[in-house]
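Have a look at it first, then read on.

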Amino acid sequence: MTAVAGRRHTTLIAHVQTWRPYTLWYVGLLGLAGAGLGGGDRDWWRLLAAWATPTIGWIGGHYLGDYFDRRLDAISKAHRPIPSGRLRPQAALGCGVACFVGVGALAIAGGLGTGLVAVLAAIGIVAYGKGLKARGLSGNLARGALGTLAMLYGALVVAPVGGWPLVAFAVAFWAHDTASNLVGTIRDVAGDRAGGYRTVPVRHGDRIAAGIALLFYLAAVAAAAVGGLVRPVDSPLTGGRGGYLVLLALTAAVGFAAFATLLPRRDQLSIRTALRAHELLVLERIGFAGAAIGLGFGLLPAVVLVVPALTVSWWTQARMRAAYELGPPAPPAGATGPSTGAPPAGQATSDPS
């Protein structure tokens, strides 16, 4: 491999790492869930827009988030693409802006409602990355709202928003993603404290943060159950409310298993324990969105979408995430070689996923 080809390969890997492929599929499923719950015209191009627009915005949010966090990451995550020099800050900013331009074009083509939701989402992403992330619960709530906006975008693509069931699901996804984001901050206490971030676990400790996240998760499951009970069932192909509630219960069991790894511990949580809990929630939330897709489109479409999304998310998370969050493994004792520039495992900074 020539030097030029090697640099291009390194840059490509840096871009893929920035996308976080293990988190990439969830937000598109939220858009499809909104399209199914909202009813209306389900033309293929509308469904494609409901999936693609939030996904492009999600990628753009990661680029901008890493750009805003580049100085904080340099403190304790020097292995990440920007601080390691594998991705230039200007390139990350340019890619983030380009993604937002694409989202804007698609949203404007969808009408006033989708355009407004896209603007709100863009404001939320920038506000979260520029300041709210460092301010504790307000940042978690802002990050959680982005999931709700993705679901509402999908609903607006196919039909005007209306009806109490959609409100219940909006609350469910907001509370769910707030809980997931809050769990994600637990693994990053050392780096956040060093960077001056006042997150919930920095201020109040790991266990209180996990307890607050569990309360949000309970609210999410309750709101999703209410939404399923009051929404009219249009077709027996959906599996009825019974099928939806079974899927929701199975998904919730996975979520509670994640919290079970956090709450019983009386000592300070290790970085790897907190990371494993969040990894489980990354997979769980695909099922959470899939249950809503099943209620709107039917069980078969939900399975067709959820199974490959789970598979790809699990595989990429297993291969990529620990190194991205904690840095490459430390060399064996006594080994010599070039320094990787990675910080010791256990010093981490916040990740909006």
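Predicted model: local features only at pLDDT ≥ 70, side-chain atom pairs only at ≥ 80, totals over all residues.

Residues are numbered from 1 along each chain as its sequence is written, and side-chain values use heavy atoms, leaving out hydrogens and water.

The pLDDT (the predictor's confidence in each residue, from 0 to 100) averages 88 for the protein, and 88% of the residues score at least 70. Helices here are DSSP runs (H or I, at least four residues), numbered from the N terminus.

## Helices 6 and 7

The axes of helix 6 (residues 112-130) and helix 7 (residues 137-158) come within 9 Å and cross at roughly 160 degrees; axes are lines fitted to C-alpha atoms over the stretch in contact, with angles from 0 to 180 degrees between N-to-C directions. That makes helix 6 roughly antiparallel to helix 7 (the word is for angles over 145 degrees).

Contact means heavy atoms within 4.5 Å. Residues making this one include L120 and I125 of helix 6, and L146 and R143 of helix 7.

## A tucked-in glycine

G290 sits in helix 13 (residues 271-297). Is G290 buried or exposed? G290 is buried, with a relative accessible area of 4% (buried means under 20%, using a 1.4 Å probe and protein chains only). Leaving aside neighbours within four places in sequence, G290 is in contact with A302 and V306.

Definitions and conventions:
Helix = DSSP H or I, 4+ residues; strand = E, 2+ residues; numbered from the N terminus. Parallel < 35°, antiparallel > 145°, perpendicular 65-115°, else oblique. Buried < 20%, exposed > 50% of the residue type's maximum accessible area, 1.4 Å probe, protein only.
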